[in-house]
Amino acid sequence: MNIRSLTRGDGVVIGAAVLLFIASFLDFYSSPRLDMPSAWDTDFSGLALPTVFLVGFVAAGLLLSARFQPESRKVAGLPLQAWGTVLAVSALWASLWVLITCPTQLDLGAGSILAFLATLALAGVTLFGSKVPALAGQLVPDPKPAAAIPPYGGQPQQPGAGYGYPGYGNTPQPVPPYGGSPEQAAHQAPAPAHQEPAAAPADFTPFWFAVPVARPLYAEDGSPTPIAELAPGTWYLAVEQRGQATLIAQTQDGRRGVLNDTSGIQRG
């Protein structure tokens, strides 16, 4: 289980489940003359416990479980996310009718009102959470790696065309002769007969990075079908470099794959 794969929308689901659990122990109806029981007293509250509270708990559990299960995992032909959505809407519908059918001699209690608010939040984030950008962000941000400290007396690393780790992407400049200029040194420097492609540095250090636009992540076995899609605004871990423009990246749920397009990536 990777908690960093949870979004702010999942945080709303967790909060709604906690609020629903608290509401189940409060007075379901209220009366100025009687001490009213909670929803756990089924002789008084009727079907409110199974149709509102228990269905809401199961819906929240399915929605959160879908984050840690493969998308191919299905129950009776439907993914867990679909089952959670159906049950969340069902709990909201039952909670609404509890408010409408309140007995005339009684008033609505804190338990029934909070249950309606909790199921409303649960169903709302399930149905419309993907359309709200603020709910798509990470619930627990990734830690920023510590900045590299240059050695005593050394110069800070200049940004190159690579991924940001030391030494990659920086082309050494020829040293001008005494009294000469760098342009003269560049003209006098002999061109190599054959330039070999740069190999991956032996001292590669994993680092966090983000992509500017959505990019596919392919399997390491060379399969043409993407195994995941890297989304902008999310930090991923580069665990290996292959060639000059290919990284082996790891997603937040632990999947590894090949990122072929590394142009414009931002290093954390």
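**Close-up views of helix packing in a predicted model**

**View 1. Contact of H1 with H3.** Asp10, Val13, Ile14, Ala17, Leu20, Phe21 and Ala23 in H1 meet Val52, Phe53, Gly56, Phe57, Ala60, Leu63 and Leu64 in H3, contact meaning heavy atoms within 4.5 Å. These contact residues divide into 12 nonpolar, one polar and one charged, where Ala, Val, Leu, Ile, Met, Phe, Trp, Tyr, Cys and Pro count as nonpolar, Asp, Glu, Lys and Arg as charged, and the others, Gly among them, as polar. This is a predicted model, in which local features need pLDDT of at least 70 and side-chain atom pairs count only at pLDDT 80 or more, while totals for chains, interfaces and linings use all residues. Residues are numbered from 1 along each chain as its sequence is written, and side-chain values use heavy atoms, with hydrogens and water left out. Helices (H or I, at least four residues) and strands (E, at least two) are DSSP runs numbered from the N terminus.

**View 2. Axes of H1 and H3.** The axes of H1 (residues 8–23) and H3 (residues 48–65) come within 10 Å and cross at roughly 155°; axes are lines fitted to C-alpha atoms, for helices over the stretch in contact, and angles run from 0 to 180 degrees between N-to-C directions. H1 and H3 are therefore roughly antiparallel to each other, a term for angles over 145 degrees.

**View 3. Proline 50 in helix H3.** Proline 50 is found in H3 and, at 34% relative accessibility, counts as partly exposed, that is, between buried (under 20% relative accessible area) and exposed (over 50%), with a 1.4 Å probe and protein chains only. The C-alpha atoms of proline 50 and alanine 91, which lie 41 residues apart along the chain, are separated by 9.2 Å.

**View 4. Packing of H4 with H5.** Helix H4 (residues 80–100) and H5 pack at an angle of about 150°, with their axes 8 Å apart, and are therefore roughly antiparallel to each other. The residues of this contact divide into 13 nonpolar, six polar and no charged; among them are Gln81, Thr85 and Ala88 in H4 and Ser112, Ala115 and Phe116 in H5.

**View 5. Buried residues of H4 and H5.** In H4, Leu80, Gly84, Thr85, Ala88, Ala91, Leu92, Ala94, Ser95 and Val98 are buried, and what covers them includes strand S1 (29–30), H3, strand S2 (74–75), strand S3 (78–79), strand S4 (107–108) and H5. The buried residues of H5 include Gly111, Ser112, Ala115 and Phe116.

Notes:
Parallel < 35°, antiparallel > 145°, perpendicular 65-115°, else oblique.
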